[in-house]
Amino acid sequence: MSALPSQALTPALSVRDLTTTFVTSAGRVTAVDNVGFDVFPGEVLGLVGESGSGKSVTLRSIMRLIHAPGVVGGSVLWQGRDLVTMPERELRRIRGAEIAMIFQEPMTALNPVLPVGLQIEENLKAHTPLDRAGRTKRALELMDLVGIPEARRRLSDYPHQFSGGMRQRAMIAISLASNPKLLLADEPTTALDVTIQDQILKLILELKRELGMSVVFVTHDLGVVAATCDRMAVMYAGRIVETGEVASVFAKPRHAYTRGLLGSVPRSGAERTMLLSIDGTPPSLAAIPPGCPFNPRCSFATEVCRTVVPPLDEVSPARLAACHHHDRVAAAGSPVA
Amino acid sequence: MTVAAPTATTTPRRRRARLLRLPSTLIAGAIILLVSLLLALFPQLIAPYDPTAFDYNALLAPPSAAHLLGSDSFGRDVLSRVIHAYGLDLQIAVFATVPAFTVGVIVGALVGYAGGWVEAVFGRVVDAVITFPFLVLVIAIVAVLGPGLTNMYIAVGVVGWVFYARLVAAEVKVQKRLDYADAGRVMGYRPLRIIFRHLLPNSITPAIVYWMTDMALAILLGSSLGYLGLGAQPPASEWGVQIADGKNFMNTAWWISVFPGVAIVITGLGFSLLGDGLAELLRTRK
Amino acid sequence: MMIPMNDTVISAEEVSKQFTLPQTMSRRLRGAPQLAVNALNGVNFTLKRGETLGIVGESGCGKSTLARVLVGLLDCTEGKVMFEGNDIAYLRGNARRSYNRRVQMIFQDPYSSLNPRMTVRQVLTEALHVHRMRPRAEIPGRIAELLDLVRLPDDAADRYPHEFSGGQRQRIGIARALAVEPDVLVADELVSALDVSVQAQVVNLLLQLQEKLHLTVVFVAHDLRLVRHISHRVAVMYLGSILEIGPTEALFSTPRQPYTRALLDAAPELDPTHRTTSVAARGELPSPINLPVGCPFNTRCPFAFDRCFVERPLLTERGPMHRAACHLTDFGLAPAAVPPMQTEAVS
């Protein structure tokens, strides 16, 4: 699999053949299977999938946050250096400095017994040469930047004194402390209410513009993808099944799963009609069907789908899809167009 | 629209595999108790001698081919007495705990469901019982009622139910907040049905596990009372009575006391292992 | 989407619910009054036979509390819930049991809403048996019918809940509710714990069942897209009050309350070509312990003026069956009259 030819830029992050396996009592489970994608400077890439699709594990594998018995293979090139094989010490200098990460549940990602201000300063201490006074000043600036009101007073507050939205803002402030070039966001708004989600999404986009970051956005919500991402990669059963520009994927999906997913979301103008649902449930990673993993749920499936794993190929300019019948899927049209 | 097969179907093969994956502590405990039960049911088939037969030619005889575990001051065979005591000591384990378990579980379920002032009153009862040393309390009750096994069962039951009730009440309190309990209420089911049909089966596990430990403790307690002369009365074969029999000969004939002690330890271990195993089994099968 | 007849099944009249908080020692010593969370503050609506009312709002708006009050799991502190003309607080004996049977609830969490130690057959048998829905001999046949109704395979009956996926468990929950042949189904966040593709299956099932069994549905959810998809009418809740209620089409196309507008703007649409950079609503939910004086939304509303901080607006008529609680009675009518929130399209 190659970088998208239409993009003349060099990618900031280049993931190739990323494979993450876990040894469990039920045998070897491949959570991420030969995943490859590029993230270009200043771009927001959406990694979309349902539970068990491997989207979060992919994100964690990039940061090498996979613990034993998990094993990560393949390569993750960050500005020419491979994060997968890099020594731990060197990786620590990149983690939290050049690449930052925010999580779905900020309450568990923040240390509950340390004031938020101190947690921001800790990150500054680890990754910047600032002195004590400089760190406090920068921490204040960051809290202002992410829209935490009365920043000076709140520096000494503990995470439990923050609301869900404010906690996510604090988490973002911590991750931005060292001016990262890449932000990995793992469902950062899933636990939030819709008006707060809207605030956080717009904050991330604004910060991305101001700081010139790239963002990888893991989400299950196609609405969030439509509102924030430039390109998207759809994952199913640990594999990428389709990638492309968001507008073009929404307008003409070329994988049956992407099409089903789009059709599953209720849209305006079609009230009280049947949704285009996908039968069955996503497979357990311990029992992925042979051939195309989506074939038991797919209305386009034929004999070949049950035996041959479709490769992720370029099916149209700047679009990759792993579907034997991408032409038929494309011809069926988008449920949201 | 078709529905895919559920992710975890129970095929016969899997069920067999699950049986093989039983916790090893459970298997070990079950084997020990099964052997104990056989000894309790058929002592005359296994014991070489009558447990009350006096052999004046072998007073305080050390372990030998004739008396494998030696003999006591009356020339009674220690092995035969230990084996014949299984019946009585297992009976103590069961009779001393079953009433407490039954009453405790029922009261605990009701208290946990009711909450409010009922729970507050119960909490004070628990405090009162827990702050008083258990053994002293039982001895006091037996002293009032008079020595003997029946009175010991009553004494243990009067005190012991509190521990079961506390465990069950705490668990029911957690379970009653779950949606399936509300679902029962929305269905218009009566509280007693919700408590005993829905909440109790999901709350009883800690009580069952504790019950196993409690049976081991009951044997120890029975032996202690037997030793003090407040439990089983001589000449009955009972481990505590046997240990008491040997106390004057500890320096010359250690076997009289030590082997009943070993039997207590092994049986107690059996119950404890079974309890641990059950805890593991019931926890993993959610 | 025709709503048949004008016959009201269930209605809420000035329903309020407060949860008192445990009194702390320091407050008791100071003689301060006991604190209470105001979960519902004077909720009114009527529900007609065969219609679907969507109740939407963010967490803490009281929508789940309202669902629990409707099915009788919670008693309201003030006001009353009327079922077929009778106040449910005074139903006793057979009347109470009949109300319990006819107003059913489906729960949010597919993992805690089923007793883990009962098979599907036991769950359904119990419901059928307790309410004497069928003679004993006909129960197995009825169970097969119910499983077929919710599209579960026949062999599902003798399995335990943990053997099913989340979507299948929600179907079991639906089958349990339908077993007693209810008139009203209250669905509290029915699909919010499910994957998107599975959500669609369950939503489709609900739509079909409603049609087939002439059910009246209260659909409580935080997802506007879902509520819009399913409901005939929608009520928007905020801090325990209904701020706007009306026919789905009217409410979504011309929201007459600034909070409804903010909610609609904040919900991400499936249209990548239409993006905004401005935030739909600033600030966060105020504490339900100390409610704002006046309009509950006044702390976040960009249109708030002095009257909003003094007087609580009442739900008043805005169109056919469309009511909103806002002092700006022409809000949302003529876009020029009120400055719309700044939006700019980014393509």
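Modeller: Two strands pair if DSSP finds at least two bridges between them. This is a predicted model, where local features need pLDDT of at least 70 and side-chain atom pairs count only at pLDDT 80 or more, while totals for chains, interfaces and linings use all residues. Residues are numbered from 1 along each chain as its sequence is written, and chains are lettered from A and ligands numbered from 1 in the order in which they are written.

Colleague: Thanks! What makes β1 and β4 of chain A a pair?

Modeller: Strand β1 (residues 13–24) and strand β4 (residues 70–78) of chain A share 8 bridges in the antiparallel sense, and at least two are needed for pairing. Within this pair, A:T20 stands opposite A:V72 in β4(A). Strands here are DSSP runs of E, at least two residues, and helices are runs of H or I, at least four, both numbered from the N terminus.

Colleague: Which order do the strands of the open sheet take, and why do β2 and β5 of chain A stand at the edges?

Modeller: The 4 strands run β2-β1-β4-β5 in chain A, with antiparallel pairing. β2 (27–39) and β5 (81–82) of chain A each have a single partner strand, so one side of each lacks a neighbour in the sheet.

Colleague: Why are α4(A) and α7(A) called roughly parallel?

Modeller: Two packed helices are described by the angle between their axes and the distance between the axes. Axes are lines fitted to C-alpha atoms, for helices over the stretch in contact, and angles run from 0 to 180 degrees between N-to-C directions. Helix α4 (residues 116–127) and helix α7 (residues 164–176) of chain A pack at about 20 degrees, with axes 8 Å apart. Angles under 35 degrees count as roughly parallel, and α4(A) and α7(A) are therefore given that name.

Colleague: Which residues meet there, and how do they divide by class?

Modeller: From α4(A), A:V116, A:Q119, A:I120 and A:N123 meet A:A170, A:A173 and A:I174 of α7(A); contact requires C-beta atoms, placed from the backbone, within 7 Å. The residues of this contact are 5 nonpolar, 2 polar and no charged. Nonpolar covers Ala, Val, Leu, Ile, Met, Phe, Trp, Tyr, Cys and Pro, charged covers Asp, Glu, Lys and Arg, and the others, Gly among them, are polar.

Colleague: How many residues of chain C are in contact with chain A, and what gives the most to that side?

Modeller: Happy to say: 40 residues of chain C are in contact with 38 residues of chain A. α7(C) gives the most to the chain C side, with 9 residues. By class, that side has 20 nonpolar, 12 polar and 8 charged residues.

Methods: Contact = placed C-beta atoms within 7 Å. Parallel < 35°, antiparallel > 145°, perpendicular 65-115°, else oblique.
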